[in-house]
Amino acid sequence: MASVSGAQLVAESLKAQNIEYMFGIVGIPVTEIAIAAQAVGIKYVGMRNEQAACYAASAVGYLTGRPGVCLVVSGPGFLHALGGMANATVNCWPLIVIGGSSDRNQETMGAFQEFPQVEAGRLYNKLSVRPSSLEAIPAVIEKAVRTSTYGRPGSCYIDIPGDFVNLQVNKSSVKYVECCLPPPISTAESSAVSRATSIIALSKQPLLIIGKGAAYSHAENNIRKLVDLCGLPFLPTPMAKGVVPDNHPNCVAAARSTALQHADVIILLGARLNWILHFGLPPRFQKDVKVIQIDICSEELGNNVRPAATLLGDINAVTGQLLEEFSKRSLKYPSNSEWWKRLREKMLNNEERSKGLALQKSLPMNYYTVFHHIRELIPKDCILVSEGANTMDIGRTMLPNYYPRQRLDAGTFGTMGVGLGFAIAAAMVAKDQTPEKRVICIEGDSAFGFSGMEVETICRYNLPVLIIIINNNGIYTGLGADAWKEMLKFGDPATCVPPVSLLPNSHYEEIMSAFGGKGYFVKTPEELQNALKASLTDKQTPSLINVMIDPQSDRKKQEFPWLTRSNL
């Protein structure tokens, strides 16, 4: 009778669920699982840190709608992946984490890397489970994949005891499971749709806010139709940029504060009233603003602000319902209204301020000058990965997105360290689906430090990722070389160097050169342009451009602090 090992069962079950990508770090007891995964046709990418591996697997889930898998060893390996599990669940991205654990007959004995992984995983996952036997593995994996994608997506953890990996079982005793069905698509109640359209029709200062839930739902065509049909101004949240192109005339991102503060009706399409949207509360919003909330998760409805209408369902499907309702009652919000005049005036003012900063000739360069030159040269259809403090915030306003699901950043959890993992995931998916598409990863120098060794992973798999480091010698701000030397005269760096400072003029590009990629160290706009052109022309080789900027460069003055602090 033919037999099969636990490792083979895990791999075959993942393949049966149409899993295509696995990221991880092998070791006792999971090495055989990675080998078995490759044998059945799953692509395995060996990373340098479990945290980056987990971020990569979660990004695959967002980009494809099918969870990526993160494979980790027991104990510390599992713990290193917790950040990725939490990030995926908070971002509502499907993810499967498979962790090896100590042998069952050694539990409670102080086994190698023994840790209560199933119990610990429950806090960060929609499902945290260990198969009761080898025969149960296919059913458990099917349930994990289904749970990760159904309803509000999130992370699921599967624990595989070390003695399961090479244990053999007769194939005839295994209950193989077919691929789970696609997530069911739910629609809102017709009465709620009718109420929402009535509220929108009566609004004087409407605002449509598009969240990354809309991007995940592939709602771009219906949302574009809704914007065009009704003439509504819209504001994308960071990772929803490109659901409707940023250059659409109804995009009011350049007047974000004004739009939020003065809208009388807000339509939330897959966006949450969390810290990113200042909880929907004054002074950032009108006290009596009417909120129409469209979300796939019923528990999200009514969070922080009591909504005027709630539409529970798939974002794409519900947007289709709104379109159908508006086809019965024509609504075209006038483009010459006072609301539009106010928004356009603010947009023009903010764009002029940014343009003035971008065209400054002084050296060292500022953020705006750097992003101006990047914007002029990068392809419109590139996938942008961005992380860092000012680097991410200013980059979001300066670098437009024209297509959905082509911006990845720190997200709802505000996670630093995601950049290179996300870039590797995006490059793997692009390689299979759109090989001509470039992945451009724009990092602050501090953010790069979290996962910089993944440059070796990028080179090992020959992924033509372009990394651009905006280097200000610090976190938020840094010190120039001369100021650094003066600071050291005061004594031990641990007691006198500001906590936000990093080593001035660090040559991060040499990390890329060390592994066979191309590195560039630039200080002027001309050097930046030349490095960008060379990197974009070479579509086969990974590259890193280390851009030195003024250590004291900052965002232009904001009307409100970026983070709304609670007064509760």
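In this predicted model, the side chains of Glu338 and Lys341 meet in a salt bridge, with N and O 3.5 Å apart. Both residues belong to helix α14, which covers residues 338–358. They are about one helical turn from each other, because 3 residues separate them in the helix. Glu338 has a relative accessibility of 58%, so Glu338 counts as exposed. The value for Lys341 is 44%, and Lys341 is therefore partly exposed.

A second pair of this kind occurs in helix α19, which spans residues 454–460. Here Glu456 forms a salt bridge with Arg460, and the closest N and O atoms lie 2.8 Å apart. The two residues are 4 residues apart in α19, so about one helical turn separates them. Glu456 is buried, because its relative accessible area is 15% and the limit for a buried residue is under 20%. Arg460 is partly exposed, with a relative accessible area of 39%.

Asp295 forms one with Arg152, and the closest N and O atoms are 3.8 Å apart. The two residues are 143 residues apart. Asp295 lies in strand β12, while Arg152 sits in the loop between α7 (137–149) and β7 (155–161). Asp295 counts as buried, because its relative accessibility is 6%. Arg152 has a relative accessible area of 23%, so Arg152 is partly exposed. In the whole structure, the search finds 19 salt bridges.

Strand β12 is also one of the elements that helix α13 packs against. This helix runs over residues 315–328. Its 14 residues should span 20 Å at 1.5 Å a residue, and the C-alpha atoms at its ends are 20 Å apart, so the two values agree. Asp314 caps the N-terminal end of α13. A side-chain oxygen of Asp314 lies 3.1 Å from the backbone nitrogen of Asn316. The buried residues of α13 include Ile315, Val318, Leu322, Leu323 and Phe326.

Strand β16 covers residues 439–444. The strand is mostly covered, and 6 of its 6 residues are buried. Val439, Cys441 and Glu443 point one way from β16. Ile440, Ile442 and Gly444 point the other way. Residues on both sides are buried. Strand β16 pairs with two other strands, β14 and β17. Strand β14, at residues 383–387, pairs with β16 in the parallel sense over 5 bridges. In this pairing, Ser386 stands opposite Ile442 of β16. Strand β17, at residues 466–471, also runs parallel to β16, and 5 bridges join the two. Here the bridge partner of Gly444 is Ile470 in β17.

Notes:
Residues are numbered from 1 along each chain as its sequence is written. This is a predicted model: local features need pLDDT of at least 70, side-chain atom pairs count only at pLDDT 80 or more; totals for chains, interfaces and linings use all residues. Side-chain values use heavy atoms; hydrogens and water are left out. The expected span of a helix is 1.5 Å times one less than its number of residues. Buried means under 20% relative accessible area, exposed over 50%, partly exposed in between (1.4 Å probe, protein chains only). Contact means heavy atoms within 4.5 Å. A polar contact is a pair of N or O atoms within 3.5 Å; within protein, one must be able to donate a hydrogen and the other to accept it, and residues adjacent in sequence count only if both atoms are side-chain atoms. A salt bridge is a side-chain nitrogen of Lys or Arg within 4 Å of a carboxyl oxygen of Asp or Glu. Two strands pair if DSSP finds at least two bridges between them.
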